[in-house]
Amino acid sequence: MRRRPGIGGLQTAAAARDQYKKLGENVAKTRTDMMREQLSTFRSQLEDFARKHKNDIRKNPAFRSQFHEMCAKVGVDPLASNKGFWAELLGIGDFYYELGVQIVDICLATRPLNGGLINLQELCQLLRQRRKSDRGVVSEDDCLRAISKLKVLGSGFEVISVGKKKLVRSVPTELNKDHNEILELAQGQGFVTVDEVERRLSWTSGRAIDALDTLLDEGLAMIDDGHKDGKRRYWFPCVSPISSLTGIDSL
């Protein structure tokens with residue numbers, strides 16, 4: 001027969017468990033304190049780095065992107081507020097606020113042409129044209145960070161991926177899988193035809209026409225009927241350079 005442990009044995013086991021528990025808590029606390037100390041050291045070094053290289057951070061987009069990555073690793077967001085240490089030292093909060101305002105202006109100006117969906121590369125190009133004195137200092141990473149700050153306004157700004165391209169959406173249009181596949185297909189020439197959609201995507205005529213009509217109704221497509229083969233082209237400005245469709249360089 002198995003003997004039950006006596007009261008003394010139970011007390012000894014309970015005491016051992018308490019000791020292990022306290023030991024575990026002490027180890028966890030020690031690790032937490034060490035991590036906090038290391039994090040504080042990293043942040044201090046990051047501030048020193050920012051003071052030393054603030055001109056490079058302001059003027060060099062690649063350097064600025066790497067700086068943001070360093071900040072993210074230690075839980076620092078220089079764009080969280082326009083006030084405080086980072087804003088006073090670098091002024092990059094104002095830089096992204098200004099970019100955000102210009103992005104909104106460009107999206108509004110191009111909306112009649114693209115329905116509120118613009119290629120990120122095209123947006124960056126138009127931004128550089130607008131900021132003629134500083135053409136080389138705005139990168140796609142800068143645009144993405146500025147757009148991420150626009151979300152707090154509830155203005156519907158969002159970056160979506162279609163195929164290999166990133167598109168900036170400035171209207172609350174919902175695109176389903178069919179719409180995305182058509183936009184991805186259009187990236188090759190800037191346009192598609194109903195026949196091409198049917199052939200390349202193995203769709204029925206009704207499915208292709210329904211998806212294209214929806215994109216047309218949303219203002220994301222333009223119709224071109226002036227071809228000898230009689231086939232209607234559906235052009236998509238969001239995957240075609242806007243400057244090639246209109247004299248929008250004056251933005």
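Me: In what order do the three strands of the open sheet stand?

Reply: Strands of a sheet pair through backbone hydrogen bonds, either parallel or antiparallel. In this predicted model, the order is β1-β3-β2 and the pairing is antiparallel. Strands here are DSSP runs (E, at least two residues; helices are H or I, at least four), numbered from the N terminus, and two strands pair if DSSP finds at least two bridges between them. β1 (117-119) and β2 (158-162) are the edge strands, each with a single partner, so one side of each has no neighbour in the sheet. Residues are numbered from 1 along each chain as its sequence is written. The model is predicted: local features need pLDDT of at least 70, side-chain atom pairs count only at pLDDT 80 or more, totals for chains, interfaces and linings use all residues, and side-chain values use heavy atoms, without hydrogens and water.

Me: How many bridges join β1 and β3?

Reply: Three bridges, in the antiparallel sense, join β1 to β3 (residues 165-169). Ile118 stands opposite Val168 in β3.

Me: What is the confidence overall?

Reply: pLDDT is the predictor's confidence in each residue, from 0 to 100. The protein's mean is 77, with 67% of residues at 70 or more.
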